[in-house]
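Thanks for coming. I will go through one model this morning, starting with the ligand and then moving to the fold. Please have it open while I talk.

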Amino acid sequence: MSAGRAVDRLGSGDGVRMPPYARGLYARFLARFAERMDPRVRRLRAEAVARLALAPGARVLDVACGTGLSFPFLVDAVGPAGEVVGVDISPVLAAEAQARVARHGWRNVRVVVSPADSAPLEGAFEGLLLFAAHEVLTSPAALDHLFGHLAPGARVATFGARRVPPPLGLVVNPLLALASRRMLPFSPPIDERPWRGLEARLVRLAVTPHWGGTMYLASGEVPRPGAAGSHGSQDLPEAGSAPAAPGDDRPAR
Ligand SMILES: C[S@@+](CC[C@H](N)C(=O)[O-])C[C@H]1O[C@@H](n2cnc3c(N)ncnc32)[C@H](O)[C@@H]1O
């Protein structure tokens with residue numbers, strides 16, 4: 001795979017089973033909305049990427065990359081010798097991601113338009129980011145495919161929403177149920193443990209609650225053959241601090 005290529009397989013998206021929000025005008029509106037909301041989640045993007053513990057020169061996958069809001073953090077982590085491959089099912093959102101790549105002049109970032117469960121990937125990756133990627137995180141077929149491209153010891157980080165107990169749950173859970181029905185018609189609804197598909201695939205899976213427990217950040221490691229390490233997840237207390245975050249408006253590399 002050569003770095004810096006334009007969007008692969010960019011088409012209309014017709015014929016692909018795609019969530020309604022990822023198509024046409026709806027997707028364009030959501031892209032603008034995500035941009036405006038991003039300052040609120042930037043700290044968590046930085047933390048998710050920090051949890052990948054990427055070394056300079058590493059290859060990392062950002063699956064369900066949307067408009068590429070995590071790219072600045074990933075590019076920063078892997079450096080010019082590394083590679084970032086974004087995958088998204090939506091041609092509209094992937095085109096925005098590709099425009100971001102062009103704006104920054106990143107030569108080591110590639111955007112692939114494809115469902116996660118059949119994304120054309122080559123070689124092994126040392127990191128996988130699933131940021132606000134519930135559809136992918138809860139799809140065994142997508143996880144099977146992606147984990148087939150992760151090196152032993154690769155790290156995986158995911159961030160998303162989850163159901164919470166009362167009293168907060170009395171307000172939050174019905175909203176999540178509504179969002180699940182409307183936005184995620186092809187996925188299991190958002191529940192208390194959306195990361196459960198990672199539990200048998202990763203070791204040292206740690207889950208941190210955020211925003212009063214309504215959001216979570218989970219990360220762990222692909223087991224190395226023959227190495228010890230326990231499956232299952234460990235709940236950690238809500239963290240107060242996080243690494244500094246490079247903004248998308250910093251000077252282009
Ligand atoms: C909530 S957005 C998050 C985008 C991005 N990760 C971010 O943090 O801004 C979810 C993304 O998942 C993508 N998506 C949904 N189902 C997918 C699938 N099966 N394969 C790949 N991408 C998918 C959508 O097109 C959308 O861009």
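**Around the ligand**

Sorted by class, the shell around the ligand has 15 nonpolar, 3 polar and 2 charged residues. In that count Ala, Val, Leu, Ile, Met, Phe, Trp, Tyr, Cys and Pro are nonpolar, Asp, Glu, Lys and Arg are charged, and the others, Gly among them, are polar. This is a predicted model: local features need pLDDT of at least 70, side-chain atom pairs count only at pLDDT 80 or more, and totals for chains, interfaces and linings use all residues. Residues are numbered from 1 along each chain as its sequence is written.

Which residues come nearest to the ligand? Of the 20 residues around the ligand, they are A64, G66, S90, A116 and E135. A residue is near a molecule if its C-beta atom, placed from the backbone, lies within 6 Å of it. The elements that give two or more residues to this shell are β2 (83-88) and α4 (134-137). Helices (H or I, at least four residues) and strands (E, at least two) are DSSP runs, numbered from the N terminus.

A64 lies in the loop between β1 (59-63) and α2. Its phi is positive, about 65°, although A64 is not a glycine. Is A64 buried or exposed? A64 is buried, because 23 other C-beta atoms lie within 10 Å. The cut-offs are 20 or more such atoms within 10 Å for buried, 12 or fewer for exposed, and partly exposed in between, with C-beta atoms placed from the backbone.

**The sheet**

The protein chain has 7 helices and 8 strands. Of its 253 residues, 42% count as buried. The 8 strands form an open sheet with mixed pairing, in the order β3-β2-β1-β4-β5-β7-β6-β8. Two strands pair if DSSP finds at least two bridges between them. At the edges stand β3 (109-113) and β8 (233-235), each with a single partner strand, so one side of each has no neighbour in the sheet. From one strand to the next, the twist averages 20°.

Now two of the pairings. β1 and β2 run parallel, over 5 bridges, and R59 stands opposite E83 in β2. β5 (residues 150-161) and β7 (residues 215-221) pair in the antiparallel sense over 7 bridges, and G160 has Y216 of β7 as its bridge partner.

How many of the residues of β2 are buried? The count is 6 of 6. E83, V85 and V87 point one way from β2, and V84, G86 and D88 point the other way. In general, side chains in a regular strand alternate between the two faces of the sheet.

On β6 (203-210), take V207. V207 counts as partly exposed, because it has 19 C-beta neighbours inside 10 Å. Leaving aside neighbours within four places in sequence, V207 is in contact with W195, Y216, A218, S233, Q234, D235 and L236. Contact here means that the C-beta atoms of two residues, placed from the backbone, lie within 7 Å. V207 and L217 are 10 residues apart along the chain, and their C-alpha atoms are separated by 5.7 Å.

The axes of α1 (residues 24-51) and α2 (residues 71-78) come within 9 Å and cross at roughly 35°. Axes are lines fitted to C-alpha atoms, for helices over the stretch in contact, and angles run from 0 to 180 degrees between N-to-C directions. R45, A46 and V49 of α1 meet F73, L74 and A77 of α2. These contact residues divide into 5 nonpolar, no polar and 1 charged.

P20 lies in the segment before α1. P20 is partly exposed, with 13 other C-beta atoms within 10 Å. P20 and M183 are 163 residues apart in sequence, yet 6.6 Å apart in space, C-alpha to C-alpha.

**Backbone details**

Two last items. P166 and P167 are joined by a cis peptide bond, with omega about 5°; P167 is in the loop between β5 and α6 (168-183). W211, in the loop between β6 and β7, has a positive phi near 50° and is not a glycine. W211 counts as partly exposed, with 15 C-beta neighbours inside 10 Å.
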